[in-house]
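This report describes one protein structure for a reader who is new to the subject. Please look at the sequence and the model before reading on.

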Amino acid sequence: MKQLTISDRNLIESFLKSTDYEGYNYNFNSMMMWNHIYHIRYEACEHFLVLLYQYEGSFFWMMPLCSPEYYQQAIERMQEISEQEGIPFVISYVEESFKTWLEEQYEGRFSFSCSPDYSEYIYSCERNRTLAGRKMVKRRNHFNAFLREHPDYEYRDLSQENLDEVRACLARWECTKETDDTEEDLRSEHRGIMDILKNFSRLDLKGGCIYIDGQMEAFIIGSALGDAGVEIHIEKANAQIRGLYVAVLKEFLSHHFPDAEWINREEDMGYENLRKAKQQLHPIRMIDNYNCTEIQTDKNAGKCSCRAVAS
């Protein structure tokens with residue numbers, strides 16, 4: 001299997017197009033942001049691509065990147081590699097539709113577990129663009145307060161020219177942020193953000209920032225997720241400025257994703273403050289992620305026929 005690098009973007013994205021996954025892990029930009037902790041490897045075959053992650057000595061597969069007709073071939077290849085490398089056959093971040101397929105095709109072969117800590121929050125783009133409706137009253141009030149205090153704010157697109165200001169803004173935020181994240185989590189996030197900024201021009205990213213009195217006070221980076229979604233990779237703002245988070249998201253969606261339908265804001269990882277904040281933003285639904293572990297050793301007869309793609 002090959003280690004994932006930024007040069008694999010076109011290949012990975014070509015296979016992602018054959019899926020309808022909505023989870024943020026099925027986004028090449030997210031893969032690159034967190035590759036430093038998951039050490040992602042992949043193998044591309046004629047009709048599918050498989051991804052193997054490693055975290056603190058444990059291995060797990062992601063759902064295969066292919067259309068449903070090739071799921072079984074992909075599963076068989078994943079099992080072969082697991083046997084060759086002597087690792088348990090585990091698939092993580094499994095969405096409901098793929099779980100149902102596994103249950104139907106491999107009855108009794110897998111056990112499934114699901115933790116709410118890793119369920120992903122999905123929000124309405126329209127609500128966050130317009131701030132209309134009863135559920136958006138608090139956010140609308142925050143935004144109106146922001147307009148009263150800072151009527152001359154300026155929204156600008158992110159580009160190579162102002163990425164150094166983003167880094168400076170991030171440094172200020174890190175010095176003042178109160179969080180229940182662990183120090184390891186913060187270091188990992190910082191490394192991921194730095195990787196995204198370093199490769200900003202090589203990734204299909206959109207970004208924006210808000211300036212107040214000539215100083216950058218907020219920035220946001222995201223990308224398309226599937227045909228109708230948006231993933232927010234990074235969103236940072238001066239927490240002392242009321243309504244700034246509301247404003248930067250509203251501007252970002254209006255400028256870069258005027259037709260998108262939903263936003264994936266990832267999971268809360270079990271942090272109570274983060275969970276409370278995400279719930280207060282009124283998600284329209286959740287994506288439950290399942291962990292699937294093989295519980296039987298016998299395999300279906302036959303092996304997949306696949307042709308490796310030259311890299």
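A residue is called buried if its relative accessible area is under 20%, exposed if that area is over 50%, and partly exposed in between, with a 1.4 Å probe and protein chains only. Asn-162 is buried, with a relative accessible area of 6%. The model is predicted, so local features need pLDDT of at least 70 and side-chain atom pairs count only at pLDDT 80 or more, while totals for chains, interfaces and linings use all residues. Residues are numbered from 1 along each chain as its sequence is written, and side-chain values use heavy atoms, with hydrogens and water left out.

Helices (H or I, at least four residues) and strands (E, at least two) are DSSP runs, numbered from the N terminus. Asn-162 belongs to the loop between strand 8 and helix 7 (163-176). Contact means heavy atoms within 4.5 Å. Apart from neighbours within four places in sequence, Asn-162 is in contact with Asp-157, Cys-209, Tyr-211 and Met-216. Trp-61 is 101 residues away from Asn-162 along the chain, and the two C-alpha atoms are separated by 37 Å.

**The sheet**

Strands of a sheet pair through backbone hydrogen bonds, either parallel or antiparallel. Here two strands pair if DSSP finds at least two bridges between them. Seven strands form an open sheet in the order 8-9-10-11-12-7-13, and their pairing is mixed. Strand 8 (154-157) and strand 13 (285-287) are the edge strands, each pairing on one side only. From one strand to the next, the twist averages 30 degrees. Axes are lines fitted to C-alpha atoms, for helices over the stretch in contact, and angles run from 0 to 180 degrees between N-to-C directions.

Strand 7 (residues 120-124) and strand 12 (residues 262-264) run antiparallel and are joined by three bridges. In this pair, Tyr-123 stands opposite Ile-263 of strand 12. Helix 2 (residues 28-38) packs on the sheet and touches strand 10 (215-225) and strand 11 (229-237). The direction of helix 2 makes about 40 degrees with that of strand 11.

**Helix 6**

Which residues of helix 6 are buried? They are Arg-139, Phe-143, Ala-145 and Phe-146. These residues lie on the same side of helix 6 because they cover an arc of only 160 degrees around the axis. The arc is that of the directions from the helix axis to the C-beta atoms. Their cover includes helix 5 (125-130), strand 9 (206-212) and helix 9 (244-256).

Neither residue in the table is a glycine.

| Residue | Phi | Place | Relative accessible area |

**Aromatic pairs**

Rings of Phe, Tyr and Trp (its six-membered ring) pair if their centres lie within 6.5 Å; planes under 30 degrees apart count as stacked, over 60 as edge-to-face and the rest as tilted. The whole structure holds 15 aromatic pairs. In one of them, the rings of Phe-89 and Phe-110 have centres 6.0 Å apart and planes at 50 degrees, so the pair is tilted. Phe-89 lies in the loop between helix 3 (71-85) and strand 5, and Phe-110 in strand 6 (residues 110-114), 21 residues apart. Both Phe-89 and Phe-110 are buried. Ring pairs also link Phe-89 and Phe-110 into a cluster with Tyr-71, Phe-98, Trp-101, Tyr-106 and Phe-112.
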